[in-house]
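Here are a few friendly notes on the aromatic contacts, for you to follow with the model open.

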Amino acid sequence: MKKLLLSLSLCFTAVLAAQEVTLKPYDAAAYTVVNSEGNEKGIIKNPVYTYLIDNYKAISDKEILPPNGGGDCGFTQTFENGIVYTKRNCGDAALATGEVLTISNPNRESVLLWVESVNKIFGDYGQNHWNFDLTEYRPTDNILGGFFTIKRDIDYTTVLVMSGC
């Protein structure tokens, strides 16, 4: 009987771990700064991190990334539902500067919709488009805007968010 209960609890844990994570909707208007005349002034600093703080519970403290040659190199923090946030300030050739969202076992469609809605904070006027395999969402011409790169692995997906503004 103990073996049966142990087997059932392990199966239940595996099923819970395998559930897809669906990202909560991103309301671009909530992360856009509006001046006293009602005109959009810009975007808030670190809009992805602010979104996570507003929508998910942090389950770790910020872990500072070690500097490579001095200065602030950013931080990483873990949130509920298998979400890890990293802010990169390093600016070295190996790692791009920007906000990185890593999601364990994400719902693919929710990630694509989330990227499109986050792009609205960068003033999207229809210039961003997906590439053929849905791994990049960026302006098709050399114009300013949001740049997104999606890298999928077996157990997680990483979204790099950069602003070309």
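**Notes on the aromatic pairs**

1. Y51 is buried, at 0% relative accessibility; buried here means under 20% relative accessible area, exposed over 50%, and partly exposed in between, with a 1.4 Å probe and protein chains only. Y26 also counts as buried, at 7%.

2. Before going on, please note that this is a predicted model, where local features need pLDDT of at least 70, side-chain atom pairs count only at pLDDT 80 or more, and totals for chains, interfaces and linings use all residues. Residues are numbered from 1 along each chain as its sequence is written, and side-chain values use heavy atoms, leaving out hydrogens and water.

3. There are ten aromatic pairs in the structure. Rings of Phe, Tyr and Trp (its six-membered ring) pair if their centres lie within 6.5 Å; planes under 30 degrees apart are stacked, over 60 edge-to-face, and the rest tilted. Y26 and Y51 make a tilted pair, with 5.2 Å between centres and 45° between planes. Y26 sits in the loop between helix 1 and strand 1, and Y51, 25 residues apart from it, in helix 2 (helices are DSSP runs of H or I, at least four residues, and strands of E, at least two, numbered from the N terminus).

4. Y26 also pairs with W114: the centres are 6.0 Å apart and the planes at 85°, so this pair is edge-to-face. W114 belongs to helix 3 (residues 108–119), so the contact ties together parts 88 residues apart in sequence. W114 is buried too, at 2%.

5. Ring pairs join Y26, Y51, Y56 and W114 into a cluster.
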